[in-house]
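Please look at the model below and follow one chain from its overall fold to a few of its residues.

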Amino acid sequence: MKKLGLIVAVSVGLSACASGMNGGTTTGNSNNHSNNIVTQYPVEAAMLNIYTKARSQKLVASVGNQTASADIKVTPKGSMIFNNKQVQGAEVNTINKVNNQVTDQSVAINYFTLNPLVFHGFTDSSGKYSLSNQTTTIPKMAMVGASSRLITEDVYADSSMRKKIGTYHQDWSLSRDSNNTAWFCIETSANLLVNNDPNGRSSECYKINAHGDILDSKVTISQPTTNGMKTITFTSR
């Protein structure tokens with residue numbers, strides 16, 4: 001899957017929640033009692049809400065004396081053809097800003113099939129073409145503390161696939177937040193093709209309830225700099 005397009009905003013900064021989101025559906029209120037400890041969460045439903053359904057969010061981070069932000073909108077595109085396969089598509093439109101000035105806009109489409117949920121790759125407005133190898137089934141339900149490899153993704157400069165520019169691993173994990181909420185995280189490795197990846201590694205984390213609804217989010221990006229690794233966390237507004 002295409003990781004959130006925050007790199008431009010972060011790079012500019014280095015060189016010099018729920019209220020903002022919608023998505024997912026609430027199907028009941030059995031989670032409202034704080035003394036009920038939820039031990040399993042619907043991982044597949046959470047991923048569907050995050051990557052395939054219409055939603056929007058704003059992420060903000062302080063980078064030195066600057067404010068970096070990203071306005072992200074996910075729009076389902078319906079049935080499409082990708083890599084000669086019939087798939088579903090979801091567009092991710094990201095507008096990066098530094099001190100409220102637009103620095104970059106990117107549009108990507110994630111391609112997937114349903115029942116079970118399988119991700120096949122992405123394309124984006126820079127021409128990149130990605131093929132995903134998802135070797136494990138995304139579970140319907142998972143226990144708090146569970147984690148697993150999700151996909152290995154090869155990224156090419158364009159759809160000709162003559163020039164591979166990146167290979168990434170993506171893993172998921174589930175950790176407790178409260179008695180009835182958990183953090184569901186997608187970790188993306190640094191580029192395995194290079195020793196010093198300017199994009200670094202990233203972690204997208206989403207607070208979910210027992211129905212897989214998205215309640216909050218945060219994205220942490222770790223980038224190599226001349227002084228070692230620099231970590232920046234974007235939080236939802």
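Predicted model: local features only at pLDDT ≥ 70, side-chain atom pairs only at ≥ 80, totals over all residues.

Residues are numbered from 1 along each chain as its sequence is written, and side-chain values use heavy atoms, with hydrogens and water left out.

The secondary structure of the protein chain comes to 2 helices and 14 strands, where helices (H or I, at least four residues) and strands (E, at least two) are DSSP runs numbered from the N terminus. Of the 237 residues in the chain, 46% are buried; buried means under 20% relative accessible area, exposed over 50%, and partly exposed in between, with a 1.4 Å probe and protein chains only.

How are the strands arranged? Strands of a sheet pair through backbone hydrogen bonds, either parallel or antiparallel. In this model a closed barrel of 12 strands, with antiparallel pairing, runs β2-β3-β4-β5-β6-β7-β9-β10-β11-β12-β13-β14, and two strands are said to pair if DSSP finds at least two bridges between them. Neighbouring strands of this sheet are turned by 25 degrees against each other on average, direction ignored, the axes being lines fitted to C-alpha atoms (for helices over the stretch in contact), with angles from 0 to 180 degrees between N-to-C directions.

Strand β9 (residues 147-156) pairs with strand β10 (residues 164-178) in the antiparallel sense over 9 bridges, and Ser 148 has Trp 172 of β10 as its bridge partner. Trp 172 in turn has Ile 186 in β11 as a bridge partner, and 8 bridges join β10 to the antiparallel strand β11 (residues 181-188). These two strands, β10 and β11, form a hairpin with 2 residues between them. On its other pairing, β11 is joined to β12 by 7 bridges, again antiparallel, with Trp 183 standing opposite Lys 207 in β12. Because 7 of its 8 residues are buried, β11 is largely enclosed by the rest of the structure.

What lies against this sheet? Helix α2 (residues 43-51) has 8 of its 9 residues buried, so it is largely enclosed by the rest of the structure.

A nonpolar core is a set of buried Ala, Val, Leu, Ile, Met, Phe, Trp, Tyr and Cys residues joined through side-chain atoms within 4.5 Å. The largest such core has 37 residues, and those with the most contacts inside it are Met 47 and Phe 184; α2 gives the most to this core, with 6 residues. Phe 184 touches, among others, Val 43, Ala 46, Met 47 and Ile 50, not counting residues up to four places away in sequence.

Finally, Ser 217 is found in strand β13 and, at 3% relative accessibility, counts as buried. A polar contact of 2.7 Å joins the side chains of Ser 217 and Gln 57, where a polar contact is a pair of N or O atoms within 3.5 Å; within protein, one must be able to donate a hydrogen and the other to accept it, and residues adjacent in sequence count only if both atoms are side-chain atoms.

Conventions. Contact = heavy atoms within 4.5 Å.
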